[in-house]
Amino acid sequence: MDELIYRQLQKSKFYHPEVTEVIHEINQLEGMIAGAIKVVEKGFDMVWDKMMFNFHFHHLHDGYEAMERLIDEKNLKIRLIVEAIPENIEQVNSITNYEIRHLDDIKSNFGILDGRAYVVSIFNQGSSKPQQAFFSNSRTFIDKQQALFDRLWEIAVPLDLRNKELKLREYSNMSKTLNKIDEIRNTLYTLMETCKKELIVFSSMDILENLTCTAAFWQRFTETTNRKVLIKILTDRSISKLQNEGNRLNKTQTNFIQIEYSDKLGYINECAIISDAKVLLKIINNDYDCIDRFTASLTYDPDQILIQEILFEKHWNEVENLALLNQRV
């Protein structure tokens, strides 16, 4: 970037002149980063890939501390999208004053300052610091990139839910068995909170009544349908409260809740709950054990999940066909 243009940008707080250009000079690049922190008025929207995340933690401590002070002083809003994985989750959680959300497999980075300046840090292979940067303060261009960030933000997972997802995976990898009803309920609540598209429940009435007898369940049940998650529930007996609540919510949620039951399913002593075809919570009713009546396991094994989906679909289709036959009689 021409030195005169660079100085004009710094002096104008990146408002003018209008520039879209690649910055090759390291001094200019470092000056851009420091200058942005000094002139920020509203906040930053940022997407970090792994290289940008590592650069932040290994080389930008002073800048981070300065930003932390400014958040309260200027009432800044900083939104960050990052790939939160087991290897970096402690570092991600240590960023306390940013609004953070997770996306899988982020392959690039960019930042938007106050909706008026845009930058992408360019790393050479194997480099821990960026060697170049793409900068623009073009109003038309930034508006398009801001719209892109906003769409990414909408589909990204809030950090508190991502922490719960990782905890579920940790339990699964450890083959942990859950045998306390409160622990099982909390795991179910996490599945409901993190579910994005479809929640499938195939259960005995006895287990489901135990899972749904708390106010916490009904709160999460409503929140899940408010997110337009499709809920399909199949039981061996009718549960009036569940059916009534489903009918009530369907009046405002356009039939996102489908509940079927049949006493022709035979005796069921377990419950299978599948979230987004990715995770399976399986609960067994131990009639013989009065202390630990229910035990549960959690798995991400695609083969086990597929088997449960097929079994659910088999029984679901049978129940629907029986209902059609009864209507014709």
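Colleague: What should I know about the model before reading it?

Modeller: The model is predicted, and local features need pLDDT of at least 70, side-chain atom pairs count only at pLDDT 80 or more, while totals for chains, interfaces and linings use all residues. Residues are numbered from 1 along each chain as its sequence is written, and side-chain values use heavy atoms, with hydrogens and water left out.

Colleague: How many cavities does a search of the whole structure find?

Modeller: Rolling a probe the size of a water molecule over the atoms shows where empty space is left. A cavity here is a set of points, on a 1 Å grid over the protein atoms alone, where a 1.4 Å probe fits but cannot get out; lining residues have an atom within 4 Å of a point. Points are joined across faces, edges and corners, and the volume is the space filled by probe spheres set on them. The search finds 4 cavities of 30 Å³ or more. The largest cavity has a volume of about 520 Å³. Its lining has 27 residues, and I33, A36, F44, M46 and V119 are the closest to its centre.

Colleague: Which residue classes make up the lining of the largest cavity?

Modeller: Nonpolar means Ala, Val, Leu, Ile, Met, Phe, Trp, Tyr, Cys and Pro; charged means Asp, Glu, Lys and Arg; the others, Gly among them, are polar. The lining of the largest cavity has 22 nonpolar, 5 polar and no charged residues. The second largest cavity, of about 80 Å³, has a lining of 11 nonpolar, no polar and no charged residues. L188, F217 and F221 are among the residues that line the second largest cavity.

Colleague: How is the aromatic pair of W218 and F221 arranged?

Modeller: A pair of aromatic rings is described by the distance of the centres and the angle of the planes. Rings of Phe, Tyr and Trp (its six-membered ring) pair if their centres lie within 6.5 Å; planes under 30 degrees apart are stacked, over 60 edge-to-face, the rest tilted. The whole structure has 15 aromatic pairs. F134 and F141 are edge-to-face, at 5.8 Å and 70°. W218 and F221 are also edge-to-face, at 5.6 Å and 75°.

Colleague: Is T299 buried or exposed?

Modeller: Buried means under 20% relative accessible area, exposed over 50%, partly exposed in between (1.4 Å probe, protein chains only). T299 counts as buried because its relative accessibility is 13%. W218 and F221 are both buried.

Terms used: On a 1 Å grid over the protein atoms alone, a cavity is a set of points where a 1.4 Å probe fits but cannot get out, and a pocket is an open set with protein on both sides within 12 Å along at least five of seven lines; lining residues have an atom within 4 Å of a point.
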